[in-house]
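Subject: Structure for your review

Hello,

The structure is handed over below, and notes on what was found in it follow. Please read them alongside the model.

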Amino acid sequence: MEMEPAAAGIDQKMPMPTTQELEEELEHEQYRERYRHTLRNTIFALLTAAAAAILIATLVFPVFRIYGTSMTPALSSGNVVMAVKTSKLKQGDLVAFYYNNKILVKRVIASGGEWVNIDENGNVFVNDQMLSEPYLEQKSFGDCDIDLPYQVPDGTIFVMGDHRDVSIDSRNRQIGPVSQDAVIGRLVLRIWPLKNFSIIK
């Protein structure tokens, strides 16, 4: 009985790669390794930069979006502003502070120990001196239920919104004087919209 011949090519050996082919494959593999290394370094650098930016924004230069109209005309709803962490606040500064798990923005009117009074026409007096308030469009007694004249407690600031008709602020017992510890920072820049990019006064 005769056996069938083996299938064609079954015993043929694969040809050995040439030196040039080996060098090309090695070079290709080295390129892929360099690419992976560069990609890993780039991703790490981007993540580090993003983390640093978030840390700086949170701890040094907090950024906020304005909602509502209590600070018009100085700030409008939709504005994005940047603050700076500082404990040195003066009359006229715009500050952001925590209130009932919210962040409010108002203007510093007086500091601890000073006396605040407001007449029926909305003129504000600090230590019997009427404030010059060029940032206001209109004065108003507003929603005031505190006993006037009012002495600001030590360690706090007395704040008011620029839109005095609608702003709920230190004139109302609901908010009252703001603890220095609750202040997040002083507003320094309006960064959005870009056409209104400016220093905040």
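A search of the whole structure finds five salt bridges, a salt bridge being a side-chain nitrogen of Lys or Arg within 4 Å of a carboxyl oxygen of Asp or Glu. This is a predicted model, in which local features need pLDDT of at least 70 and side-chain atom pairs count only at pLDDT 80 or more, while totals for chains, interfaces and linings use all residues. Residues are numbered from 1 along each chain as its sequence is written, and side-chain values use heavy atoms, with hydrogens and water left out.

One of the salt bridges is between Arg164 and Glu133, with the closest N and O atoms 2.7 Å apart. The pair links distant parts of the chain, 31 residues apart: Arg164 is in the loop between β9 (156-160) and β10 (178-179), and Glu133 is in the loop between β7 and β8. Strands here are DSSP runs (E, at least two residues), numbered from the N terminus. Both Arg164 and Glu133 are buried (under 20% relative accessible area, with exposed meaning over 50% and partly exposed in between; 1.4 Å probe, protein chains only).

Asp169 and Arg171 also meet in a salt bridge, at 2.8 Å from N to O, and both are buried.

In a further salt bridge, Asp93 and Lys90 have their closest N and O atoms 3.2 Å apart. Asp93 is buried, with a relative accessible area of 8%, whereas Lys90 counts as exposed at 53% relative accessibility.

Regards

Definitions and conventions:
Helices (H or I, at least four residues) and strands (E, at least two) are DSSP runs, numbered from the N terminus.
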